[in-house]
Amino acid sequence: MASGLLQASGPVDIFEFSSEEQKLRYKSLIEEFRCPKCLNINIAGSDAPIAQDLRRTVHRLLVEKAMSDDEIRGYLQERYGDFVLYDPPLTKKTWLIWFMPVLFLLSGALLIYSLQKRSATQSIIELSHSDREKLRNIVGDK
Amino acid sequence: MTARFLIPFFVFVVIVCFSFFGLGLKDRDKLPSALIGKPFPDFESKSLFDPVEVIVRDDLVGRPTLVNVWATWCPTCKAEHAELVKIAETTDLQMIGINYKDDRLKAIDWLAQHGNPFDKILEDPEGDLGIELGVYGAPETFILDRGGSIVYKRVGAITNRVWENQMRSVTRGL
């Protein structure tokens with residue numbers, strides 16, 4: 001009992017499920033949706049009334065309407081927009097987010113390539129005897 | 001070699017560009033509505049004043065309509081209330097109120113106190129219609145055309161400025 005309470009993080013609702021599988025699906029779905037009011041929390045972790053309502057809605061769609069996970073995602077996306085999905089679709093507005101990692105990868109590769117090229121062109125210059133003598137004077141050889 | 005000194009400068013320029021567009025976005029905390037251009041959802045709700053009366057979607061269509069989602073627990077709703085009263089008086093819009101997750105008697109009392117701009121008010125005690133409408137915080141306001149399609153949505157208070165600059169022109173074309 002006590003450990004159950006300790007494990008609970010975020011708000012707790014009391015819902016009934018007909019199977020363990022249904023409960024697990026519910027849990028993973030509410031982890032997946034973003035709370036529209038609180039910008040960066042999923043609806044599982046938010047105390048906002050709207051998150052509570054959305055959890056209830058997910059439960060209703062899952063248990064009463066027997067919708068599939070994708071149908072539930074579509075239902076919420078239709079009403080709350082792409083915002084509720086943490087997985088933004090590729091659009092004119094979001095292409096930069098999607099391609100940024102590729103850009104970083106390419107510029108990193110370019111950097112490594114140019115550094116290697118530079119070190120390859122650098123050669124070791126042998127010092128002449130008098131140069132060595134000079135250097136010893138400057139550094140102060142013991 | 002001189003190009004190397006320009007690298008921090010280019011990084012700076014990139015940061016400035018992103019900041020300019022990112023920080024310049026208005027209403028960053030507001031979601032674009034997914035419902036613009038879509039028909040107002042079907043519903044069946046009790047009337048606030050007469051719980052026996054049932055209001056359905058068909059009761060809304062046929063006229064340009066303003067639908068306002070409000071509650072007595074919402075301070076911003078109070079702030080915009082006078083503007084709604086004014087809109088009701090000065091336009092031909094059909095005014096529909098959705099009393100969102102509220103206490104019925106408190107709502108009736110509140111309207112008696114502050115005036116009632118609405119032609120019809122429906123009750124949404126559990127916020128179910130709110131979910132259908134993608135509502136995530138009162139007040140929210142929708143404008144519907146004659147056919148019952150959503151042409152405009154606002155999250156947050158309607159001030160006189162918002163009405164004059166953004167909403168009035170939307171209602172003219174309906």
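**Chain A, domains.** I started with the domain assignment of chain A, which gives domain 1 (9-84) and domain 2 (88-118). I then looked up how far apart they sit. Over C-alpha atoms, 34 Å separate the centres of domain 1 of chain A and domain 2 of chain A. I keep in mind that this is a predicted model.

**Contacts between the chains.** I went to the contacts next. Eleven residues of chain A are in contact with twelve residues of chain B. I sorted the chain B side by class: six residues are nonpolar, four polar and two charged.

**Sheet of chain B.** I traced the strand order in chain B. The sheet is open, has five strands and reads 5-4-3-6-7, with mixed pairing. Which strands stand at the edges? I find strand 5 (120-124) and strand 7 (150-155) of chain B there. Each has a single partner strand, so one side of each lacks a neighbour in the sheet. From one strand to the next, the twist averages 20°.

Strand 3 (residues 65-70) and strand 4 (residues 94-100) of chain B pair in the parallel sense, over six bridges. Val67(B) stands opposite Ile96(B), a residue of strand 4 of chain B.

I also checked what lies across the sheet at strands 6 and 7. Helix 5 (residues 160-172) of chain B lies across strand 6 (140-144) and strand 7 of chain B. Helix 5 of chain B runs at about 165° to strand 7 of chain B.

**Helix 3 of chain B.** I looked up Trp110(B) and placed it in helix 3 (residues 104-114) of chain B. Is Trp110(B) buried or exposed? Trp110(B) counts as buried because it has 20 C-beta neighbours inside 10 Å.

I then listed the buried residues of helix 3 of chain B: Ala107(B), Trp110(B) and Leu111(B). They span an arc of only 95° around the axis, so they fall on the same side of helix 3 of chain B. I recalled the general rule: an α-helix has 3.6 residues a turn, so residues three or four places apart point the same way.

What covers this buried side includes strand 4 of chain B. I turned to the face pointing away from the buried side of helix 3 of chain B. That face carries the exposed residues Leu105(B), Asp109(B), Ala112(B) and Gln113(B).

Last, I checked the residue just after helix 3 of chain B. Gly115(B) takes a positive phi of about 95° there.

Methods. Residues numbered from 1 in each chain as written. Chains lettered and ligands numbered in written order. Predicted model: local features only at pLDDT ≥ 70, side-chain atom pairs only at ≥ 80, totals over all residues. Pairing = 2+ DSSP bridges. Helix = DSSP H or I, 4+ residues; strand = E, 2+ residues; numbered from the N terminus. Axes fitted to C-alpha atoms, helices over the stretch in contact; angles between N-to-C directions. Contact = placed C-beta atoms within 7 Å. Domains from an automatic or database assignment. Nonpolar A, V, L, I, M, F, W, Y, C, P; charged D, E, K, R; others polar. Buried ≥ 20, exposed ≤ 12 C-beta atoms within 10 Å, placed from the backbone. Arc of directions from axis to C-beta.
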